[in-house]
Amino acid sequence: MSTEPEMVALLKKRYSGASSAGLPRYITASQVPIFSAGDHRRIDFIAVDSMTEEVMLPTDTAYTRLPPPVHGFEVKVSRADWLTEHRTGGKKSEPWRSRCHYWWLVVPTQHVIKPEQLPADWGLLVGEKRLRAVVKPVRTLGTQPLDMELMRTIARHSQRN
């Protein structure tokens with residue numbers, strides 16, 4: 001059975017690539033707090049891309065260049081852990097989900113979640129030795145931007161990882 005730190009290590013490996021300039025492509029961090037409505041929640045893992053993304057939007061006839069995407073990750077290592085999250089309807093992760101272009105559930109095996117339980121637009125990464133995308137998430141276009149204070153918090157946590 002995998003642990004959350006082991007799953008986070010797999011995420012770090014997956015998002016450790018370099019840009020065409022040879023610099024790290026992603027800023028990654030785990031357990032980053034966000035303060036929202038007097039409460040603070042932590043994201044299990046975040047990967048802020050440094051490269052813009054070109055996508056075909058439903059209303060377009062040509063590719064549109066979008067700002068670099070932010071990927072957010074919820075790690076669940078057991079079915080009981082997932083069911084607790086599922087019962088809340090994802091409210092626990094909402095302060096972070098609203099700031100991420102892509103939202104992923106990360107599990108060691110597909111026994112943790114039934115396919116019909118995966119919320120709409122979420123992606124699913126599965127693996128114990130290497131993560132593979134079983135379901136790709138849909139890019140959320142109306143996300144709140146990461147403000148400077150939140151970027152500083154992510155940067156500080158990236159140095160601790």
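Predicted model: local features only at pLDDT ≥ 70, side-chain atom pairs only at ≥ 80, totals over all residues.
Biologist: Which kind of pair do tyrosine 15 and tyrosine 26 form?
Modeller: Planes under 30 degrees apart count as stacked, over 60 as edge-to-face and the rest as tilted. Here the ring centres are 4.9 Å apart and the planes stand at 90°, so the pair is edge-to-face.

Biologist: Where does each partner of that pair sit?
Modeller: Helices (H or I, at least four residues) and strands (E, at least two) are DSSP runs, numbered from the N terminus. The two tyrosines are eleven residues apart and link distant parts of the chain. Tyrosine 15 is in the loop between helix H1 (4–14) and strand S1 (26–36), and tyrosine 26 is in strand S1.

Biologist: Is tyrosine 15 buried or exposed?
Modeller: Buried means under 20% relative accessible area, exposed over 50%, partly exposed in between (1.4 Å probe, protein chains only). Tyrosine 15 has 6% relative accessibility, so it counts as buried.

Biologist: And tyrosine 26, buried or exposed?
Modeller: The cut-off for burial is the one just given, under 20%. At 16% relative accessibility, tyrosine 26 is buried.

Biologist: Which kind of pair do phenylalanine 73 and tryptophan 104 form?
Modeller: Their centres are 6.3 Å apart, with 15° between the planes. That pair is stacked.

Biologist: Which strands does it link?
Modeller: The partners are 31 residues apart, in distant parts of the chain. Phenylalanine 73 is in strand S5 (residues 70–75), and tryptophan 104 is in strand S6 (residues 102–107).

Biologist: Why does phenylalanine 73 count as buried?
Modeller: Burial rests on relative accessible area. Phenylalanine 73 counts as buried because its relative accessibility is 0%.

Biologist: Which residues form one aromatic cluster?
Modeller: Both pairs described above belong to it. The members are Tyr15, Tyr26, Phe45, Phe73 and Trp104.

Biologist: Is arginine 132 buried, exposed or partly exposed?
Modeller: Arginine 132 lies in strand S8 (residues 132–135). At 43% relative accessibility, it counts as partly exposed.

Key. Residues numbered from 1 in each chain as written. Heavy atoms only, no water. Phe/Tyr/Trp six-rings, centres within 6.5 Å; stacked < 30°, edge-to-face > 60°.
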